[in-house]
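Colleague: Could you walk me through this model and tell me what stands behind the words you use for it?

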Amino acid sequence: MALRIWASSTANALRLSSATRLHFSPLSRCFSSGNLHSYPSNSPSLCSFLKFRRQNRNLTYALVSIAVLDGLKYANSHEWVKHEGSVATIGITDHAQDHLGEVVFVELPDIGGSVTKANGFGAVESVKATSDVNSPISGEIVEVNTNLKETPGLINSSPYEAGWMIKVKPSNPSELEALMGPKEYTKFCEEEDGAH
Amino acid sequence: MATRQVARAGLPLMNIVRMKGVPILQQLEVEECLLRTSSENWCIINDGTDKPNIVMGISGKPAELVEISPVLEDKIPVIRRFTGGGTVIVDHGTIFVSFICNKDDVADVQPYPRPIMSWSSLLYSQVFQGVTNFRLRENDYVFGHRKFGGNAQSITKNRWIHHTSFLWDYEARNMSYLRLPKRAPEYRLARDHLDFICPMKDYLSRSEFITRTIDAAESHFSVESTEFEAVKPPSNMKFTPTSRLLTNQELEAAGNTSI
């Protein structure tokens with residue numbers, strides 16, 4: 001019951017449509033370097049994990065839910081790809097937006113340009129930083145999310161849906177196979193956070 | 001793949017470049033080039049720039065941030081830089097310190113804005129040890145509740161830059177070129193510029209600050225001095241910096257939209 005409530009609140013928080021499924025399974029917990037992480041122990045496909053985010057200098061922590069969606073592929077630079085037919089949609093993950101903070105500006109490429117696997121195609125501004133966004137795959141840019149110009153915060157509130165960044169016609173679909181699946185990406189995030 | 005240069009002490013190598021009076025646009029171009037094309041760590045220190053310049057962050061809109069008419073009348077250059085953050089007016093009283101690092105050489109710092117900002121505050125806590133009331137407040141360096149250093153960053157896949165403009169001294173009248181920004185830290189409490197900032201000169205001399213900064217860097221890195229001439233990009237380098245001077249036409253257009 002608690003998991004269903006959590007799943008529902010996570011989906012609502014990320015403004016995920018009803019068509020998007022978050023899978024949940026029994027969780028186990030571990031303590032690592034002062035962070036409390038929850039992760040599924042037996043699930044073949046993965047959902048989200050909890051982490052404590054330090055809120056301020058007074059060392060209060062907020063329990064935040066970081067979503068990792070089934071059906072997407074993930075890069076180690078924290079971008080996601082959703083391949084549907086001849087088009088792949090790309091954005092940054094919930095983990096990335098959580099670490100970046102409030103996004104106030106998004107720099108996107110022009111339609112008709114090309115992207116190359118692991119190279120930058122744009123940037124986001126948050127806090128006082130510009131951060132490169134890298135493409136997980138190569139291809140031709142066929143659409144960009146112009147809503148991000150007026151509402152860059154969509155990247156924070158809906159990183160997997162309304163906050164998508166570009167759509168690409170992949171030039172080498174086999175590149176998708178080299179990307180991480182949801183379970184692998186979750187483990188990657190936990191190891192990366194646990195190392196710091 | 002970047003080659004990690006490790007000095008005999010076991011600390012990663014950092015090149016220290018000391019400059020004086022270099023134009024801020026040239027400094028920004030050098031920094032972006034080093035961030036994007038070098039695999040080494042750098043600390044750039046520019047002791048004052050040659051003349052007053054307004055420098056906005058990557059998303060800065062002059063209509064919102066700058067008093068267009070006096071800026072045009074007094075021919076104050078307005079630059080949009082490659083890093084994020086807010087707007088400053090810099091001159092010979094500003095001391096610039098920039099750290100350009102491989103993320104793997106600062107491995108205990110996640111390459112995101114807040115961890116990098118925290119790391120920088122620890123370094124500068126060493127610099128200002130014994131100086132009253134220094135702290136990182138939201139994203140500014142302050143003495144008490146007054147800002148004396150503004151920060152900005154750019155983060156790539158494997159490297160990042162954290163650069164700071166320190167108000168060692170400033171001309172009060174120059175602050176009148178800047179408007180109150182819409183996005184401001186909470187602790188500013190709607191204070192105007194002169195009530196919000198303070199000069200570092202009341203606490204440390206220029207030379208003492210620079211010496212202490214290099215000493216603090218030495219606790220994290222094995223430092224070596226490099227001449228500025230050695231880091232200037234060669235003319236045949238195929239890198240185009242993105243920091244640029246706004247044209248009068250752009251400023252005039254911004255002035256028309258703000259009416």
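Colleague: Which residue is the bridge partner of Val55(B) in strand 4 of chain B?

Modeller: The bridge partner of Val55(B) there is Ile79(B). Before we go on, this is a predicted model, in which local features need pLDDT of at least 70 and side-chain atom pairs count only at pLDDT 80 or more, while totals for chains, interfaces and linings use all residues. Residues are numbered from 1 along each chain as its sequence is written, chains are lettered from A and ligands numbered from 1 in the order in which they are written, and side-chain values use heavy atoms, with hydrogens and water left out.

Colleague: How do you know that strand 3 and strand 4 of chain B are joined?

Modeller: Two strands pair if DSSP finds at least two bridges between them. Here 3 bridges join strand 3 (residues 53–56) to strand 4 (residues 78–80) of chain B, so the two count as paired, and they run parallel. Strands themselves are DSSP runs of E with at least two residues, and helices are runs of H or I with at least four, numbered from the N terminus.

Colleague: What makes strand 5 and strand 12 of chain B edge strands?

Modeller: The open sheet has 4 strands in the order 5-3-4-12 in chain B, with mixed pairing. Strand 5 (88–90) and strand 12 (244–245) each pair on one side only.

Colleague: Why is Ser126(A) called buried?

Modeller: Buried means under 20% relative accessible area, exposed over 50%, and partly exposed in between, with a 1.4 Å probe and protein chains only. Ser126(A) has a relative accessible area of 0%, so it is buried. Ser126(A) lies in strand 10 (residues 120–126) of chain A.

Colleague: What is Ser126(A) in contact with, leaving aside its neighbours within four places in sequence?

Modeller: Contact means heavy atoms within 4.5 Å. By that rule the partners of Ser126(A) are Leu100(A), Gly101(A), Glu102(A), Val103(A) and Pro113(B).

Colleague: Why is chain B called as compact as a globular protein of its length?

Modeller: Chain B has 8 helices and 12 strands. Its radius of gyration is 18 Å, close to the 18 Å that the globule rule gives for 259 residues, so chain B is as compact as a globular protein of that length. The radius is taken over C-alpha atoms, and the rule is 2.2 Å times the number of residues to the power 0.38.

Colleague: How much of chain B counts as buried?

Modeller: Of its 259 residues, 53% do.
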